[in-house]
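Q: Could you walk me through this one before I set anything up on my side?

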Amino acid sequence: MTLTPDVLRFLVRRVFNAHPGEIPCGDCYVHVDHFAEMELAGLDAAAALPLVEEHLQTCPGCREEFACLVAVLRDASQAPERAEP
Ligand SMILES: [Zn+2]
């Protein structure tokens, strides 16, 4: 994609006309580890961090990041059990 003035205008408009409750990826990234920990602890992360939940629903990149984080945290919590001696 070439950044012509039209494309820039489109991007700026997208950023500033975002849904009022929407958070940028940077904000999601800050909270996503807490969100993942709550999920694994069986807490209602979506209720505690609704903006993060909403962002994960709409952003494939952050959703992938979240999925990786959950997988890593889940592995870490099961670390003492090793399949091989
Ligand atoms: Zn995102």
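The chat below goes from the overall fold to the metal site, a helix and the core.

Q: What should I know first, and how many helices and strands are there in the chain?
A: This is a predicted model, and its chain holds five helices and zero strands, so that reading along the sequence gives the pattern α-α-α-α-α.

Q: What percentage of the residues count as buried?
A: Of the 85 residues in the chain, 19% count as buried. As for the contacts with a separation of 6 or more, 60% of them are accounted for by residues 24 or more positions apart.

Q: OK, the metal: which atoms coordinate the zinc ion?
A: The donors are SG of Cys-25, NE2 of His-55, SG of Cys-59 and SG of Cys-62, at 1.9 to 2.3 Å, and along the chain these donors follow the spacing C-x29-H-x3-C-x2-C. Within that set, Cys-25 in helix α2 (residues 25-40) and His-55 in helix α4 (residues 50-58) link distant parts of the chain, being 30 residues apart.

Q: Why is the arrangement called tetrahedral?
A: Because the four donor atoms around the zinc ion subtend angles of 104 to 113 degrees. For reference, the ideal angle for four tetrahedral donors is 109.5 degrees.

Q: And are Cys-25 and His-55 buried or exposed?
A: Cys-25 counts as partly exposed, because its relative accessibility is 39%, whereas His-55 is buried, with a relative accessible area of 9%.

Q: Switching topic, how far does helix α5 reach?
A: Helix α5 (residues 60-77) has 18 residues and reaches 26 Å from its first C-alpha to its last, which is close to the 26 Å expected at 1.5 Å a residue.

Q: Which residues of α5 are buried, and where do they sit around the axis?
A: The buried residues of α5 are Cys-62, Phe-66 and Val-70, and because they cover an arc of only 80 degrees around the axis, they lie on the same side of α5. What covers these buried residues includes α2 and α4, while the face turned away from the buried side carries the exposed residues Pro-60, Glu-64, Val-72 and Asp-75.

Q: Which residues touch the most other members of the largest nonpolar core?
A: Among its 14 residues, Cys-28, Phe-35, Val-52, Leu-56, Cys-62 and Phe-66 touch the most other members. The elements giving two or more residues to this core are α2, α4 and α5, with the largest share, five residues, coming from α2.

Q: What is Cys-28 in contact with, leaving aside its neighbours within four places in sequence?
A: With that exclusion, Cys-28 is in contact with Ile-23, Val-52, His-55, Leu-56 and Cys-62; among these, His-55 and Cys-62 are also zinc donors.

Technical notes:
Residues are numbered from 1 along each chain as its sequence is written. This is a predicted model: local features need pLDDT of at least 70, side-chain atom pairs count only at pLDDT 80 or more; totals for chains, interfaces and linings use all residues. Side-chain values use heavy atoms; hydrogens and water are left out. Donors are N, O and S atoms within 2.8 Å of the metal (3.2 Å for Na, K and Ca); water is not among the atoms, so sites may look incomplete. Four donors count as tetrahedral if all angles lie between 85 and 135 degrees; four count as square planar and six as octahedral if opposite donors are over 155 degrees apart and all others between 65 and 115; anything else is irregular. Helices (H or I, at least four residues) and strands (E, at least two) are DSSP runs, numbered from the N terminus. Buried means under 20% relative accessible area, exposed over 50%, partly exposed in between (1.4 Å probe, protein chains only). The expected span of a helix is 1.5 Å times one less than its number of residues. The arc is that of the directions from the helix axis to the C-beta atoms. Contact means heavy atoms within 4.5 Å. A nonpolar core is a set of buried Ala, Val, Leu, Ile, Met, Phe, Trp, Tyr and Cys residues joined through side-chain atoms within 4.5 Å.
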